[in-house]
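Welcome! Please take a moment to look over the sequence and the structure before reading on.

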Amino acid sequence: MTTIQPRRGVSLRTRLQLILLLMIAWDVLALLAELTFGGPLFKIAGSRIGGLLAAHAAFGGATAVPLALYVYALVRGPLRYRGLLWVGVLEQALAALFAVYHAAVKDIKVEGMILPLVVSLALTVLLLTNMPRGQTTTS
């Protein structure tokens, strides 16, 4: 009689690296929206901000800071830099919260809130469900 070996899944480190790559791509998209201001991703119409990424883009290049942190965590190892993963949780959760807030007070068009809200919530859930707990750090 043979025993069935459980199939090895993707390691935690690999999953976290994939999530960091998704977060890096999401922030690069936000920077592109800033650079192409006035296009379909990010624009102002009267007193309201519109475009597909209205709730995610900013005017001061502030997205570059977490982007640099995510690249650093990706290169150096996400298990060694758990604090940077918590920065990601905080950034994405607050992005979702403020997307809803700004749509509710009509600072941005609802269409500009939907994609950032969905992506931010998805990234928050991915980070929280894959957050390393109780494991020792390895190089």
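The report below looks at one helix and its partners.

## Meet helix H3

Please keep in mind that this is a predicted model. Helix H3 covers residues 82-104. H3 has 23 residues and spans 33 Å from its first C-alpha to its last, close to the 33 Å expected at 1.5 Å a residue. Just after H3 comes Lys106, with a positive phi of about 65°.

Several residues of H3 are buried: Leu84, Leu85, Gly88, Val89, Gln92, Ala96, Ala99 and Ala103. Their cover includes H1, helix H2 (64-76) and helix H4 (111-130).

## Where H3 meets H4

The axes of H3 and H4 lie 8 Å apart, and the two helices pack at an angle of about 150°. Angles over 145 degrees count as roughly antiparallel, so H3 is roughly antiparallel to H4. Their crossing is left-handed.

On the H3 side, the contact includes Leu85, Trp86, Val89 and Ala96. Among the H4 residues they meet as a group are Met113, Leu117, Leu121 and Leu128. By class, this contact of H3 with H4 has 15 nonpolar, 4 polar and no charged residues.

## Where H3 meets H1

Helix H1 takes in residues 12-35, and its axis comes within 12 Å of the H3 axis, crossing at roughly 45°. The two helices are therefore oblique to each other, and the crossing of H1 and H3 is left-handed.

Here Leu16, Leu20, Met23, Trp26 and Asp27 of H1 meet Leu85, Gly88, Glu91 and Gln92 of H3. The residues of this contact of H1 with H3 divide into 5 nonpolar, 2 polar and 2 charged.

Conventions:
Residues are numbered from 1 along each chain as its sequence is written. This is a predicted model: local features need pLDDT of at least 70, side-chain atom pairs count only at pLDDT 80 or more; totals for chains, interfaces and linings use all residues. Side-chain values use heavy atoms; hydrogens and water are left out. Axes are lines fitted to C-alpha atoms, for helices over the stretch in contact, and angles run from 0 to 180 degrees between N-to-C directions. Helices (H or I, at least four residues) and strands (E, at least two) are DSSP runs, numbered from the N terminus. Angles under 35 degrees count as roughly parallel, over 145 as roughly antiparallel, 65 to 115 as roughly perpendicular and the rest as oblique. A crossing is left-handed if the near helix is turned anticlockwise from the far one by less than a right angle, and right-handed if clockwise. Contact means heavy atoms within 4.5 Å. Ala, Val, Leu, Ile, Met, Phe, Trp, Tyr, Cys and Pro count as nonpolar, Asp, Glu, Lys and Arg as charged, and the others, Gly among them, as polar. The expected span of a helix is 1.5 Å times one less than its number of residues. Buried means under 20% relative accessible area, exposed over 50%, partly exposed in between (1.4 Å probe, protein chains only).
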